[in-house]
Amino acid sequence: MSDPIPGAKEHIDAARKLAATIDDIPADTQLLPINRVGVIGAGTMGGGITMNFLTAGIPVTIVEMTQEALDRGVATMRKNYENTVKRGKMEAADAEAAMGRLTPTLDFNALAEADLVIEAVYESMDVKKDVFGRLDKVAKAGAILASNTSYLDIDAIAAVTSRPESVMGMHFFSPANVMKLLEVVRGKATGKAQLATVMALSVKIGKVPVVSGVCHGFIGNRMLSPRQAQAHALIMEGANYWDVDEALLEFGFPMGPWQMADLAGVDIGWHRDPNRIETLRDALCAVGRWGQKTKKGFYDYDDNRQRTPSDEVKAIIAQFAAKEGKPQREIGKDEIRERLLYPMISEGALILEEGISQRASDIDTVWLNGYGWPAWTGGPMFWADHIGLDTVVAGLKKHGLPVAPLLERKAAAGEKFN
């Protein structure tokens, strides 16, 4: 980690304020009243989302499919509040009052009272379309319908309703009752009053909202994708996976890509067939290396969640590298860092050129508040400006990686993103 880049703190503060401004929506736009919120799904995300509103004094109706899932979700929320009280972050009376604003139910029709309904169900387009089709019939006229999707096409979801102007994405980050970032995804038909209402409400519940257009993964996850691809390519070419993590830790990230996989769960999205081994993840899952929850993922973990590299994983990676015919070589930290971070800047430039993000500083705000990008840099795009866009372009070309046209043009002209 280095000394803060000059102007980084000022940039972060200004970027956060600017993110609340939507270029084509007048500041005096009449906001819609939000007196009650509905949440569909009482799992980890649904429960966390619900707590934001309860804490801010807004009643929530939460709907589940089974009594067991509903009870479990309510119990988790109560426990979270109790822990907050124990840590001295909340008064016991306030926690009790927050829980008192919750109406848990199995009755989908109870959502008819809500001014805003947020769907937090399984990340599947078919499932979400089904939910929104039902919701369209139940929700009252004028209600805003939002999906907590991480990747999926909001326009496709809106298309199954008779009110696409009321549909948008509200992508909360896990744990949703703690993480500050909220990507507010604007569909092509999303109404201005609806968008302005959700942006204002996001601040009321303590979030840092950033508007994103519709694309796979929106701003944050879309930029994460090329980083993950390079992290995988590096370990196939001979880099130690712990060195890949260490390169980002030294830069100032709270964790590297393989630590992140272990924390989230290596088995997320796994097909559950230990005999079908097509990817590195399949191989790890087949031998029970599911991450921190099984005390072994990419790393081995002790009772205090302290990690140590695993010889078993190193051997599995070597097998995959051999199968792919990849020659192995020593790879230094500088190359690792360049190959992880420079493609993110290029992807950010594509996001800007496509109009998915209004401005480069919005991209910085997303990564600073949702993904642990180190604050000393001012965010990915501000950092790229500081080290020189020509440096980024040269690095990408050296490693045979694609360069976004906007990045190439700005570098050639000696311009900056911010």
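This is a predicted model: local features need pLDDT of at least 70, side-chain atom pairs count only at pLDDT 80 or more; totals for chains, interfaces and linings use all residues.
The model contains an open sheet of eight strands in the order S3-S2-S1-S4-S5-S6-S7-S8, with mixed pairing. Strand S3 (102-105) and strand S8 (208-212) form the edges; each has a single partner strand, so one side of each lacks a neighbour in the sheet. From one strand to the next, the twist averages 25°.

Strand S1 is paired on both sides, with S2 and with S4. The pairing of S1 with strand S2 (residues 60-63) is parallel and spans four bridges; in S2, Val63 is the bridge partner of Ile40. S1, helix H2 (residues 44-55) and S2 together make a right-handed β-α-β unit. S1 and S4 also run parallel and are joined by four bridges, with Leu116 in S4 as the bridge partner of Val37. Within S1, Val37 and Val39 point one way, Gly38 and Ile40 point the other way, and all are buried. In a regular strand, side chains alternate between the two faces of the sheet.

Antiparallel pairing is found between strand S6 (residues 167-172) and strand S7 (residues 181-185), over four bridges. Leu182 in S7 is the bridge partner of Phe172. Helix H5 (residues 125-138) packs on the sheet and touches strands S1, S4, S5 and S6; the direction of H5 makes about 170° with that of S5.

Residues 217-301 are 51% helix and 4% strand, with the end C-alpha atoms 30 Å apart. Residues 338-397 are 73% helix and 0% strand, and their end C-alpha atoms are 11 Å apart.

Key:
Residues are numbered from 1 along each chain as its sequence is written. Side-chain values use heavy atoms; hydrogens and water are left out. Helices (H or I, at least four residues) and strands (E, at least two) are DSSP runs, numbered from the N terminus. Two strands pair if DSSP finds at least two bridges between them. Axes are lines fitted to C-alpha atoms, for helices over the stretch in contact, and angles run from 0 to 180 degrees between N-to-C directions. Contact means heavy atoms within 4.5 Å. Buried means under 20% relative accessible area, exposed over 50%, partly exposed in between (1.4 Å probe, protein chains only). A crossover is right-handed if, with the strands pointing away from the viewer, the path from the first strand over the helix to the second runs clockwise.
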